[in-house]
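Student: Could we go through this structure together, one topic at a time?
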Amino acid sequence: MVIFLNTLIKNSFIFTAGIILSKALSLFFIFPFSRLVGALGMSLYSYAYVPFTVLLDLFSLGIPLGVEKLVAKYNARGMYAQSNRIFKKCLLMMIFLGFFGFLLMNIMAPLYSKTIGNNEV
């Protein structure tokens with residue numbers, strides 16, 4: 001039980017550190033990007049970024065964190081085949097959800113463009 005908790009805590013820490021690193025790296029991207037594209041480019045970027053992040057959050061639904069916990073649990077118990085099977089099934093599910101989100105965004109893009117009042121986007 002102690003090994004399971006240590007593994008779970010370690011994996012959760014790595015997951016959290018990855019999220020923090022990702023957010024920190026995005027800061028280094030956004031400032032040069034805003035200088036490069038200017039105010040108009042940033043407004044267009046923000047129009048697309050908001051629905052993208054909403055759909056990304058909707059389609060991921062915390063699945064990576066859940067998979068991480070399940071994989072850590074089964075690895076700590078020595079059930080590596082079960083862990084690998086769960087990972088592969090969840091990977092296929094995330095690929096399907098990502099492709100579905102991609103299709104949804106591309107189909108809805110013209111409607112969204114008309115809704116925000118910009119038919120040229």
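Student: Which residue just after α3 takes a positive phi?
Tutor: That is Gly117, whose phi is about 90°. Helices here are DSSP runs of H or I of at least four residues, numbered from the N terminus. This is a predicted model, in which local features need pLDDT of at least 70, side-chain atom pairs count only at pLDDT 80 or more, and totals for chains, interfaces and linings use all residues. Residues are numbered from 1 along each chain as its sequence is written, and side-chain values use heavy atoms, with hydrogens and water left out.

Student: Which helix has the highest mean pLDDT, and which the lowest?
Tutor: Helix α3 (residues 80-115) has the highest, 88, and helix α1 (residues 2-60) the lowest, 82, where pLDDT is the predictor's confidence in each residue, from 0 to 100.

Student: Where does α3 have a kink?
Tutor: The kink, of about 45°, lies at Ala109, shortly before Pro110; the bend at a residue is the angle between axes fitted to the seven residues ending there and the seven starting there.

Student: Is Phe102 in that helix buried or exposed, or in between?
Tutor: Phe102, found in helix α3, counts as partly exposed because its relative accessibility is 46%; buried means under 20% relative accessible area, exposed over 50%, and partly exposed in between, with a 1.4 Å probe and protein chains only.

Student: And which residues of α3 are buried?
Tutor: They are Ser83, Ile86, Cys90, Leu97, Gly101 and Ser113.

Student: New topic: what separates the C-alpha atoms of Ala76 and Thr7?
Tutor: They are separated by 6.9 Å, although the two residues are 69 residues apart along the chain. Ala76 is found in helix α2 (residues 63-76).

Definitions and conventions. Helices (H or I, at least four residues) and strands (E, at least two) are DSSP runs, numbered from the N terminus.
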